[in-house]
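Hi,

Here is the structure I promised to pass on. My notes follow below it.

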Amino acid sequence: MQNLFLYSDKLHSFIRELNIPSKQQTIYLEECHREIIVVRDDLIHPVISGNKWRKLNYHLQHFSAHTYHGISSMGGCFSNHLHALAFTCHQLGIPCTLFIYGWNGEWNSQTLIDCKNWNAELIPITRNSASEFRQSGIKKLQETHPMYYWIPEGGGGLTGEKGIKELTDELPQGFDTDNNLLVCACGTGTTIQGILNSTSYCKVSTMKIVKMAHYPWELNNRIQWITTAQAHSFAKKDPNLMEFIHAFEEKYDILLDPVYTAPLMRNLIGQTNLDSYQNIYFIHTGGLQSNRMN
Ligand SMILES: Cc1ncc(COP(=O)(O)O)c(C=O)c1O
């Protein structure tokens, strides 16, 4: 019973401090002569922002309603999800173990330094064991960390998707029509899946950050792929993109991140069919700590 008493009060106080519902900011994109509405989920919290909060919300609720001993998850050296999770566990006093792939246990990204400072236990794993974890994370975890709650990579799974409904519930009544467009970045695909689950008619536009990735919702007829996507490295900063980020922030007072939201916004601006939509909602999924990539 310890978690029930220990964590649920702390979680509720933590939630009360978040900036929810998110502000919706209308901007006029001079580059393509039209207005869009930016859903400022990035402002939910300075560390656990955007879809990181939306996806973790129900995982944390589940954890606090059961008698687990800690939380564990997996990701790469720059994972926004792991960063948000380690921070939240630190705030709530939850033991946190993170399995990191593509990491030799020596060199540290700023993301991993923060996670360590928030007392997360970091365990390097090979890319091969990462695939095993993807298939059976809980089983593997039980070998070394019994009674830990496993959150799939990126905060995914049905529990992660469930939190996205709160995002779409905050949009204006009547937004869900087939002449409106929701634009959202995608990595594991959980956020887009959550949007598709919680809407029925609006079109959903995204681009592939990971070119080889495949998603169960790929052929959904509401998905509009932004096709001009350039493959880019998660770890390297592209100077043109950084220039775009700075110019965008100066003009609209909105900071985008170099991995997800900036490439998406830059490519959205280049689309020629935007006039066919009445309203365009751009979901700012946060993740701004990747601006500090080293
Ligand atoms: C800032 C940002 N945007 C978008 C995504 C992609 O979200 P998902 O993994 O749910 O597709 C992520 C990864 O969680 C992210 O950190």
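**Helix α3 and the rest of the fold**

In α3, the buried residues are Asn80, His81, Leu82, His83, Ala84, Leu85, Ala86, Phe87, Thr88, Cys89 and Leu92. Buried here means that 20 or more other C-beta atoms, placed from the backbone, lie within 10 Å of the residue's own. That makes 11 of the 13 residues, so α3 is largely enclosed by the rest of the structure.

Two housekeeping points. This is a predicted model: local features need pLDDT of at least 70, side-chain atom pairs count only at pLDDT 80 or more, and totals for chains, interfaces and linings use all residues. Numbering starts from 1 along each chain as its sequence is written.

Helices are DSSP runs of H or I with at least four residues, strands are E runs of at least two, and both are numbered from the N terminus. Just after α3, glycine 93 has a positive phi of about 75°.

Zooming out, the protein chain has nine helices and 10 strands. Of its 294 residues, 43% count as buried.

An automatic or database assignment sets the domain bounds: domain 1 is 15-47 + 167-292, and domain 2 is 53-155. Their centres, taken over C-alpha atoms, are 26 Å apart. Across the boundary, 14 residues of domain 1 are in contact with 13 of domain 2 (contact: C-beta atoms, placed from the backbone, within 7 Å).

Cheers

Key
Contact = placed C-beta atoms within 7 Å. Buried ≥ 20, exposed ≤ 12 C-beta atoms within 10 Å, placed from the backbone.
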